[in-house]
2 protein chains.
Amino acid sequence: MRPSRLGILGLGAIGGSVARQAKLAGVATVVGWSPEPSERVAAVKQGALDDAPAKAADVARVADLLVLAAPPAANLAQLEALAPHLPAAALVTDVGSVKRAIVALAERLGLGARFAGSHPLAGSHRRGFEASRGDLFRGAVVYVTPCTGGGGDGAAREISHFWETVLGAHAVTLDAARHDAQVAATSHVPQVVASLLAYFLARHTPPGASLGPGALDTTRLAASDSALWTEILLMNRDEVLPALRALEEPLGAVERALEAGDGPALAAWLTRAAEWRRRVDL
Amino acid sequence: MRPSRLGILGLGAIGGSVARQAKLAGVATVVGWSPEPSERVAAVKQGALDDAPAKAADVARVADLLVLAAPPAANLAQLEALAPHLPAAALVTDVGSVKRAIVALAERLGLGARFAGSHPLAGSHRRGFEASRGDLFRGAVVYVTPCTGGGGDGAAREISHFWETVLGAHAVTLDAARHDAQVAATSHVPQVVASLLAYFLARHTPPGASLGPGALDTTRLAASDSALWTEILLMNRDEVLPALRALEEPLGAVERALEAGDGPALAAWLTRAAEWRRRVDL
């Protein structure tokens, strides 16, 4: 679908970028809401929104496509609270990084034929409307997770079409459970690993020591919003916890190789990691 | 010192960059050697070297400053083999990331007043002469580690002066043992953590899954040269091994918080990491 009245709840880096890019793509009316009055003002002033009413329900009421762009727990609360206010034919999506809970809620609310989850792989460790951009989704992969049962696939097709034609993203349809298992490995574990290294360095960097570009890159994600990531990790903990435990075995292996002074084992371990990393850059 | 005949053994990303930048800075004669004939040819052709003889000893024989820029184990072997060929007043340094072993060897060879170790924080996960640059060291921190005993400080001052005036780096003098403990935390653990995550992702990324920019940044270091890092980690293993073990406690803490669904504990853990990471960016 190509909305003529796009509603966006949450004007952070993701929601703000949806707004900016939709206006640049010529969507007639983009209406948004943020709990932060200053973000609402800034978004209108900078032309990302045509209007920013003080109540979220006033956005939901007018939208033919509503995008929930708050943190995951707030998206769940908004979907439940605003479902009665949605126009009869309106479609709804969200942009959270965990998908089972919101897809299940949409089904329970009887929105299965009008809701599909979205997860754009275009985050930033920067936050707020000031981190939004007019090209954030161009070329980015967006996972779209349908509701099960009648009509779910149709809604997912419409939402995918929106991401592709309005925002220039590449939409990939994926079952919500498979999505959550996949991002546990490809996104949530990397977040925890970056934070783990930052946590270690916070304790073990001698005063005045310089950090090279490698340590800075490897910890960049650790600067992300802690409150947001607490929600994401808790909401996906049944997938994240076993994935984190799966780090212990290779960490033990490299420690044993070092302890034994086993050059070939250490080289094989590093080479396996290097080959994978060089391949994903291609 | 400002050399008039600079010798460089090893023409990879670091050695090649020393050559390029020295020529750009007007050093009269820069002579280099690499075990790879093609690198010797390329370095002369591209104006990074005035001459590239086929034997390393023919570089050592003419240099008033000799820079050992091979991997750490090869630097040790070169220093031992070439010490007899050095001109009487020549100074020597290396660019390896571990410093105790080579400083101790220089002392044992009686070069204590003519050698200081160097470690420029300007590496790259790319390798070979083609990864060298004419500005790699400009503004970079270079640790300079003196030999102990008579004359060590004087040699370290001369080597520091070379890094600063010829290559535009910022030299910081540091005891070799303190250096090795510090880089175990700030460089060697980040390397292992990036490789650990890559090793995990090599196994757990579903076929066709997309990786976001976060996972790519966090694993970038994993693409580094495995043979080089095997040497570095083994040479510093008495420092690296306890540092790696110190990762287990915070990893266990985040797992326990997830298992218990303990939001405040998880948020506190992530916040500590985030605050440190945001601070180092300032």
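Trainee: What makes β5(A) and β6(A) paired strands?
Mentor: Two strands pair if DSSP finds at least two bridges between them. Five bridges join β5(A) to β6(A), residues 141–146, and the two run antiparallel, so by that rule they are paired. One spot to look at is A116(A), which stands opposite P146(A) in β6(A). By the way, this is a predicted model: local features need pLDDT of at least 70, side-chain atom pairs count only at pLDDT 80 or more, and totals for chains, interfaces and linings use all residues. Residues are numbered from 1 along each chain as its sequence is written, while chains are lettered from A and ligands numbered from 1 in the order in which they are written.

Trainee: And what is a strand or a helix here, and how many does chain A have?
Mentor: They're DSSP runs numbered from the N terminus: H or I over at least four residues for helices, E over at least two for strands. Chain A has 12 helices and seven strands.

Trainee: Why are β5 and β7 of chain A said to stand at the edges?
Mentor: The open sheet runs β5-β6-β7 in chain A, with mixed pairing. β5 (116–120) and β7 (170–173) each have a single partner strand, so one side of each has no neighbour in the sheet. Neighbouring strands there are turned by 25° against each other on average, direction ignored; the axes are lines fitted to C-alpha atoms.

Trainee: What about β3 and β4 of chain A, parallel or antiparallel?
Mentor: Parallel, with four bridges joining β3 (65–68) to β4(A). L68(A) has D94(A) as its bridge partner in β4(A).

Trainee: How do you know that both faces of β4(A) are covered?
Mentor: L91(A) and T93(A) on one side are buried, and so are V92(A) and D94(A) on the other. Buried takes 20 or more other C-beta atoms within 10 Å of a residue's own, exposed is 12 or fewer, and partly exposed is in between; the C-beta atoms are placed from the backbone.

Trainee: Why is L233(A) called buried?
Mentor: L233(A) has 28 other C-beta atoms within 10 Å, so it is buried. L233(A) sits in helix α9 of chain A. Leaving out residues up to four places away in sequence, L233(A) touches H188(A), V240(A), L258(B) and L266(B). Touching, or contact, is when C-beta atoms placed from the backbone lie within 7 Å.

Trainee: How many residues of chain A are in contact with chain B?
Mentor: 73 residues of chain A contact 73 of chain B. α7(A) gives the most to that side of chain A, with 19 residues. By class, the side has 44 nonpolar, 19 polar and 10 charged residues. Nonpolar covers Ala, Val, Leu, Ile, Met, Phe, Trp, Tyr, Cys and Pro; charged covers Asp, Glu, Lys and Arg; the others, Gly among them, are polar.

Trainee: What rotation and shift superpose chain A on chain B?
Mentor: A rotation of 180° with 0.0 Å of shift along its axis, at an RMSD of 0.1 Å. That is the relation of a two-fold axis. T218(A) comes closest to the axis among residues of chain A, at 2.1 Å (C-alpha).

Trainee: How do you know that the copies meet through the same surface?
Mentor: 100% of the interface residues of chain A are also interface residues in chain B, so the same surface is used.

Terms used
Axes fitted to C-alpha atoms, helices over the stretch in contact; angles between N-to-C directions. Contact = placed C-beta atoms within 7 Å. Least-squares fit on C-alpha atoms with pLDDT ≥ 70 in both.
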